[in-house]
Amino acid sequence: MENWLTKQAQLEPQKIALLFEGKSWTFKQLRTAVVKFAGCLTTAGFQNERRIALIAANTAESYFALLALQQLGIEPVLLNFRLSLQELKSQLATADIHVILVDPKLSPRISGIAELQSRWTVSSLQQLAKLSPVTPTLVKEFAEEATASIMYTSGTTGAPHGVMQSYRNHFYSAVGSAFNLGLQAHDLWLCAVPLFHISGLSIVMRSLIYGMGVLLVRHFEPVQITKLLCTAPVTLMSVVPQMLVQLLAVFPVEGYQQDFRGFLLGGAPISHATLALCQERKLPVVQSYGMTETCSQIVALNFADAPDKIGSVGKPLFPVQLRITGKGTGEVQVKAPNVVKGYLNAPDDFKKKLTRDGWFRTGDLGVLDAAGFLFIKGRIDEMFISGGENIYPNEIEAVYAQFPAIQEIAVIGVADQRWGAVPCAFYVADTQIKQEQLRSYGRQKLAHYKVPRYFIRLAQLPRTASGKVQHYLLQQFFSQKRKLD
């Protein structure tokens, strides 16, 4: 494939590619900025590195650095700046990294920068940009199977894996999304999700493939985002459930500006009540399903089906094949050109995710309705058996999410001497709710064995940057609490 950035600079030189804090870059200007940064990387002697870590903020500088690495044929390893020092060191060691690029806006937030510098070459994007750039040697064509990006899985159930995403993966992910959501000449995608996460990176890749503008914001703040949705010509925005809930809390009576086409929702399940509220306010929301290993969405609703299929994540996108194991609820397995080629330095772990006939095991449980719409029931490793009955935490969470005082809830299975395992619910609320009141509510809507045995109030649920609940941390918390009790 011809270099995407070069191609768009030729096809759409004057079209807006990037907007950030009052500044704008056309595709021609974006290429100039990226090539200049690639020249600075070359001056620094980094041009021959196989892969370089990037600890990126949502800034123009990080945007340029990410694309500059690709222009030099270097594999960018996108690291989550919210990780602990130990987690960062573990991922850096796994990735066989020598050089780390850090957005200077993040330096105060990363503990142990000095310790990282004792083992790796750590360079500030700001300092690199001050170097005198030499003419870099750019990649003329992106080989389809070349690694375009590496990012780590969210690690909700254990140790993260470095996922190697190819240019082919990103291309077909963008194709599937375009066929589903449609493309318009004036599309402008608001990116308030992290660039180090697949939901953010996929927006960058779609921009280069579609020739589409991106409005990049530093971080998500509901009032600021609402103002942008009312005043800027944004057509699409990617959100996770927590973001959508916060936006609904400040949703203006007059709605957003007329160009807005809707939200693409992913990352974690969301309550029917929230989606029903969106429907009531005539706010288009397209639920989707995907993961790091599939370069973003592989299943999604479209705008036409969304109102009638609340709770479903939709149908497989055009390049994607999907099947469910067994009858009824079973594992979701997929085959698609946007399924990645493997885990970095852990090929055997990735092989375990593949069936004998080459389908990718998602680890998620789902069911297809008569019309072929997929409903996700939860993770296989989160499902548990209580007294011989299969229990899906998502089902319990959906019921209690409608309890008026509960803001968030997550359910896990915990060991029980009599039943093998029983449900335990962790919830967020302004005040403590009586256990019997919660149990009574559950008995009206759930089979008795699905009603949680324990209800534990937390200030907040532990989540990844993409909004997914880290269930293993809840398991650890419960174990520690039981020891203390």
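**Strands, helices and a charged pair**

Me: Which residue in β17 stands opposite Gln321?

Reply: This is a predicted model, in which local features need pLDDT of at least 70 and side-chain atom pairs pLDDT 80 or more, while totals for chains, interfaces and linings use all residues. Residues are numbered from 1 along each chain as its sequence is written, and side-chain values use heavy atoms, without hydrogens and water. Strands (DSSP runs of E, at least two residues) and helices (H or I, at least four) are numbered from the N terminus, and strands pair if DSSP finds at least two bridges between them. β16 and β17 (residues 330-335) pair in the antiparallel sense over four bridges, and there the residue opposite Gln321 is Lys335.

Me: Which word describes how α1 lies to α8?

Reply: Axes are lines fitted to C-alpha atoms over the stretch in contact, with angles from 0 to 180 degrees between N-to-C directions. The axes of α1 (residues 4-11) and α8 (residues 198-210) come within 8 Å and cross at roughly 45°. Under 35 degrees is roughly parallel, over 145 roughly antiparallel, 65 to 115 roughly perpendicular and the rest oblique, so α1 is to α8 oblique.

Me: Is Asp187, which forms a salt bridge with Arg261, buried or exposed?

Reply: A salt bridge is a side-chain nitrogen of Lys or Arg within 4 Å of a carboxyl oxygen of Asp or Glu, and Asp187 and Arg261 meet at 3.0 Å, N to O. Buried means under 20% relative accessible area, exposed over 50% and partly exposed in between (1.4 Å probe, protein chains only). Arg261 has 14% and is buried; Asp187, at 5%, is likewise counted as buried.
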